Every structure is written in structure tokens, then in C-alpha cells.
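Please look at the sequence and the model below before reading on.

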Amino acid sequence: MSSSPSPSARVSRLALLVVGLCWLAVLFDGLDMFIYGSVLPHLLETKTFGLTPDQAGDLGSYATFGMLVGALTAGTVADRIGRKKLMVVCVTVFSLASGICAVSGSVEVFGLGRTLAGVGLGGLLPTAISMVSDYAPRGRGAIVIGMLMTAHHAGGILSAYVAKWLIDPVGWRAAFWVCVAPLVFAPVLAKFLPESLSFLVAKGRTEEAGELAARYDVEVPAAAGKKTAADRWDALQNLFRGGEWIQTLLYWCASFGGLLLVYGVATWLPTLMRTEGYALGDALSFVVVFNLGGIVGMLVAGRAADRFGAPRISALWFALTAVGVFLLSVHMAQTVTMIVVFLTGVFLNSAQTMIYATVSIRSTPENRATSVGWTSGMGRFGAVFGPWLGGQLLAAGNGDWGFTAFALAGVSSMIFIGIAALRSPKKGAPVDTGQELVAAH
């Protein structure tokens, strides 16, 4: 005689469904983000569209500029249509944009596709984090967000395999057609993903929010007071009052260098490894190892920060990242290079996250969201600059300096966050930093 599953088991499966759907969405986000870097060596070697290194750097920056636009507008759009609908829209946008890249016949059309893809990519991640924060089991919010962030790097690993398996036998366009496949996932999200509890509460749909919260065994978020434009402007001004402007600029500069490093390396790693003499297949294998390191780093950094402090870990992680990136400019035995790439991935991808943790912990409760948001926003200008910088160096015949330039960005972030750590922190209330790190990429 069969027995029905217990309510707690049923609830666990329902919560797992929400986290699982968001994880898959972020996986596709990572695949679409990293696929350009994975196919770039082939595009340059075959001179597709007559592509030059400086044009390739511009194309990489188009996507990150689109991400900047998407990230800045995601909150406003989500407040109007809901986080669930925004996630569906974002997946649809970056999937269709990859289709534009797949059929493009010129650099201009390809660039349009990458820009539109960036808008969808930039809007998805913070929205997905907000969703899992609402439905994470009690007391597990930070852990669940950390697990979600691993999906982005899993997408990077998938992008390398897609390029390795498809470029030679089928062609580079096939890789972008694979990135169109998540389009069939959008209806799945629309059907099975519940709406954000925070959105329902904000819209006054408290009865619906209460029913969902009871079903998923989670707490209904408290209703937040509606902030006016004057309130937001005052919160921004607080970042510069007294001596706080020094701390604010240090955080912004550290974030700029950190995201320059993250997106510069993500875009140019396979190509720069090719310039160091590695075969295309080996260069793509480095992408896999780099993102495996990113997954490990996301799981390790939080624990290390809890024990030793986020500012110290961020500064140390950037120092180790700079060493690792610089060593990649030296042609070593392939096994040694694989180890260096893995360790660089461990430190690089979580060093930036620790900047946000530092800002979150050292901010006052009333200014925390503004401080983290603007630190992320300023950093995204570095994300735009990084791919462009790599292209300019290659175009000038200075590809060997690519890793050195990115290593110097790591050193600068280490210095800025290190100086900020030495200054007296604000006396903010304790915070669960996991839910503040919504812009880690």
C-alpha cells in the first residue's frame, strides 16, 4: 500500500523546483555570456566578417554594455510587470539575440545581437537571485544564493564544450544556435515558476503572497516603504557626506578593476592562450578549468570571509588573482598551466563578490542597498572596458601584454579594497550578506 509524501517532503520538492528553475535560467545566462569568448579564437583565425582584434574587443564590450543597461533597468521593470515575467522576458531576449548572431552576415548585425543579448543577461541574474531569496528555506538564503551563482560558471563550462564539439564539424554559427535553445525553456518558466513574494506584497496582493508562502513553507517578506526620488537622492548623497566620499570612491575603483578583470579574462582567455602557443582545443579546456575554479571559489569565499573578514579576503584574493593571471603569460607545462588557471578561477570569480560583501557589511542599514547598487554599477563600466582593452592590445601586436594588463587591474583592486579595509568601518547592523550580493557578475 503506497503512502502519500509527507507535507514537509512535498514542500521541499516545491522549494527545490523554484531554485532548480532559477538555476537552469542562470545556467543559460552563463552559456550565452561565455559563448562569445569560446568562439572568438575561431572567428579571428578565419577572419569571419573580416574581424580584427580591436573590433572583437568592441563586440565583447557591446554585450557588457547591454548587461549594464539590463542590470540598471531590471529593478524598475520588475516593479511594474513582476519578477517572474521579467525572467521570462530576459530568457526570451537573450535567446532570440543569439539567433541574430547565428544568422548575422556582418559585424554590425552580430554586434546588435550581442548588445541585445547583454540586456537580457544583465536583467536576469539579479532577478533570479531575488526569486530564490524569496523561496529559499528558512535560514538557508545565503547558501542557496551561493549555489545559484555556480550555475553561471557551469554555463561557462558548457560554452567551452559547445565550441569544442561544434565549431570544427559544423561551424561557429551552430554554437549560437545552441544558445537559442533556451527559448523553449521560457514557457516552462512561465508555467511552473511562481511569482516573487516581494512583488506580490509590494503590489498589495497579500492574500496571494500568504497562500504561496504557506505552500512553500517560507516567510512572507515584510512590506517595504515606498521610496520617493528624494529619498533615493538623499541615500546617494549620504555616500559622499563627511569623509565617506573617500570610502565610496575606494569601493567604486576596486569594483571597476575587479569587473574589468572578470570580463576581460572571460572574453579573452581562449584567444590569449592561443597567442601563447596552445592549440584551440587546449585553449577551450582552460575555459572549463577556469569555470570549475569559479564554482569552487564561490563555495569557499563565503566561509573564508566569515572567518577572517570580507575585506581581508577580497584583498588577498585579488593579490592571488594578479599572480595567477600574470603567470598565464608564461608558457609552462600544460599540467602546471591547468593548475594555475584553476586557482586563478577560484580567486578571480569570488574576489569581486567579496567587494560587495565588504560594502554590505560596512554600510548602515538605511544606505546598504544604495551603496551596494552603486558600487556594482560603477564596476560595470570596468566590465565594458575590459573586453575593449584586450582587443586594443591584440590589435597593436601586444597580445603578450594582455595577461599583464589584467594582472595590474587585480593589483589596483587589491590596493583600493585594502586601503578601504584599513579605514574605520561604519557601524552598520549585522546583515546576511548573501542576499546583498545580487550583482556579483
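The lining of the second largest cavity splits into six nonpolar residues, three polar ones and no charged ones. The model is predicted, and four cavities of 30 Å³ or more are found in it.

**Second largest cavity**
- Its volume is about 40 Å³.
- Phe34, Gly37, Ser38, Ala266, Leu269, Pro270, Val287, Phe290 and Asn291 line the second largest cavity.
- Helices α1, α11 and α12 (280-308) each give two or more residues to this lining.

**Largest cavity**
- At least two lining residues come from each of α1 (7-45), α2 and α11 (244-275).
- Helix α1 provides the largest share of the lining, four residues.

**Nonpolar surface patch**
- Val77, Ile81, Val89, Val93, Leu112 and Leu116 make up a nonpolar patch on the surface, and their accessible area together is about 400 Å².
- Each of α2 (53-81), α3 (83-103) and α4 (107-135) contributes at least two residues to the patch.
- Val89 sits in helix α3.
- Val89 has a relative accessible area of 39% and is therefore partly exposed.

Conventions
Residues numbered from 1 in each chain as written. Predicted model: local features only at pLDDT ≥ 70, side-chain atom pairs only at ≥ 80, totals over all residues. Heavy atoms only, no water. Patch = residues over 30% accessible without salt bridge, like charges linked within 9 Å, V, L, I, M, F, W, Y side chains within 5 Å. Areas by Shrake-Rupley, 256 points an atom, 1.4 Å probe, with all protein chains shown as cover. Salt bridge = Lys/Arg side-chain N within 4 Å of Asp/Glu carboxyl O. Buried < 20%, exposed > 50% of the residue type's maximum accessible area, 1.4 Å probe, protein only. 1 Å grid on protein atoms, 1.4 Å probe; cavity = no way out; pocket = protein on both sides within 12 Å on 5 of 7 lines; lining within 4 Å. Points joined across faces, edges and corners; volume = space filled by probe spheres on them. Nonpolar A, V, L, I, M, F, W, Y, C, P; charged D, E, K, R; others polar.
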